[in-house]
Amino acid sequence: MGTSDREFLKHLRTTFRAEADEHIQSISDCLIGMEQSPDPATWTRLTEQVFRETHSLKGAARSVSLKLVESICRPLEAVFSALKLGSIVPTPARFDVLHRSIDLIARIISTPDLEGTIPDQEQAKEVVKDLDRAITGEASPEANDNDTVVLPPVAEMKLLEKSTVRLPLERLDELMHQAEELVALKMTARHQAMELNAICQDLQTWKHEASQRKASGASAMNMRDEGWHDRCESILDGFQDRMTTMTQASSQNRYQLDRLVDEHLENMRGALMLPAASLMQLFPVLVRDLARDQGKAVDLVIHGDDLACDKRVLDGLKDPLIHLIRNCVDHGMLAADKRCKQGKPPRGTITAAFTAIDSQRMELRVSDDGEGIDQAQVRSAAIKAGIFPKETIDALESGEAVKLIFQSGVSTSTMLTDISGRGLGLPIVHEKITALGAT
């Protein structure tokens, strides 16, 4: 392959990455919907959509010679086809394999060359086998209905994020039009600078001529006789006319430039505004996998995610939100049988709601219908961690006692796990939110 061919393929793969991100997100959303929706019409619609998205992803991977991604998409498409036709039934184990496959594809296309690492390539072989078993019904040695999906740590999740912003064509057209107007103003400013330079040169010539006449001893009468006075008046009138024209043009240009800069700045700010939905994309799968890992059934409900927010703020909210939602699943939710004994529905619900307070501020409220915060456990954990003396903690009012969960080392977990027990999650939330200038 020649240099030009390699550069062309590199360009195509860059385009593919953006397209693949959309397919992967759509497939993940469909999978979550398929697991949660008992409605036959919804199931039919989602299986059709996920089948089409996978087929498109496979074709796009083939077009840019990404054989590893294509090799996973092929059996993945076959599984979705079988689910669509009803030749296999949905089971938790099959959904685990499907989610694991999508996570692997996302990880592969996040690598610089979109070819994946050597461990990714090895895992792809196992995933393909598991997808084949999902169709044949053969039990997988790696997965059964009680198996869980190993989640990447928070640090790895951040590596999978993209530092790009996708804009609608209309917004780009606005920015380009404003840029063209700014170019026109730049040319006008250049012309005015040249005119001012010409005036300065004329003044310098005039001054030099007057100095020469003075040095030669020419009398005022001789100067008038020679038309010097008339020449001076003519020069001054010309300067006045030119300066008046330039002053008016400069004033008009300044008004246009002020307007354009303000509009351009506002549009650039708008270009950095993204819907909150872009922040929430990874969380339905995160909740699903965490809940499966702990033998719980939990749904994530999101409200107001069409609210636009500065991309930098959304990026800053990602880590805190991961910790909060992990805590909801781990601390707040009980298993289905225990929830039923308490008169609650077997499936728990976590709600993330975005609300605009005013034009500059928004509120993100995370809640769940689980156990709530046991203040007695919080006080006990704070005493054990040595945050304050026992007498001080016992004297705290209810609202102040709850705030102890944001102190480092305070954890109500009875055992140390990969998710909780160290008392670091909520202190990190507090630290990150404070760094954003928020509360």
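Predicted model: local features only at pLDDT ≥ 70, side-chain atom pairs only at ≥ 80, totals over all residues.
Colleague: How far apart are the end C-alpha atoms of helix 4, and what should its residues span?

Modeller: Helix 4, residues 92–109, has its end C-alpha atoms 26 Å apart, and at 1.5 Å a residue its 18 residues should span 26 Å, which agrees.

Colleague: At what angle do helix 4 and helix 5 pack?

Modeller: They pack at about 150°, with axes 10 Å apart, and because angles over 145 degrees count as roughly antiparallel, that makes helix 4 roughly antiparallel to helix 5. Their crossing is left-handed, and the residues making the contact include Arg94, Val97 and Arg100 of helix 4 and Gln123, Val127 and Asp130 of helix 5.

Colleague: Which side chain does a polar contact join to Asp130?

Modeller: That of Arg100, through a polar contact of 2.7 Å between the two side chains, while the C-alpha atoms of Asp130 and Arg100 are 9.9 Å apart in space and the residues 30 apart in sequence.

Colleague: Changing topic, where is Leu307, and what does Leu307 touch?

Modeller: Leu307 lies in the loop between strand 2 (298–303) and strand 3 (308–310). Leaving aside residues up to four places away in sequence, Leu307 touches Leu274, Pro275, Ala276, Phe354, Thr355, Ala356 and Met362. Thr355 is 48 residues from Leu307 in sequence, with 7.5 Å from C-alpha to C-alpha.

How values were computed
Residues numbered from 1 in each chain as written. Heavy atoms only, no water. Helix = DSSP H or I, 4+ residues; strand = E, 2+ residues; numbered from the N terminus. Expected span 1.5 Å × (residues − 1). Contact = heavy atoms within 4.5 Å. Polar contact = N/O pair within 3.5 Å; in protein donor to acceptor, adjacent residues only side chain to side chain. Axes fitted to C-alpha atoms, helices over the stretch in contact; angles between N-to-C directions. Parallel < 35°, antiparallel > 145°, perpendicular 65-115°, else oblique. Left-handed = near helix turned anticlockwise from the far one by under 90°.
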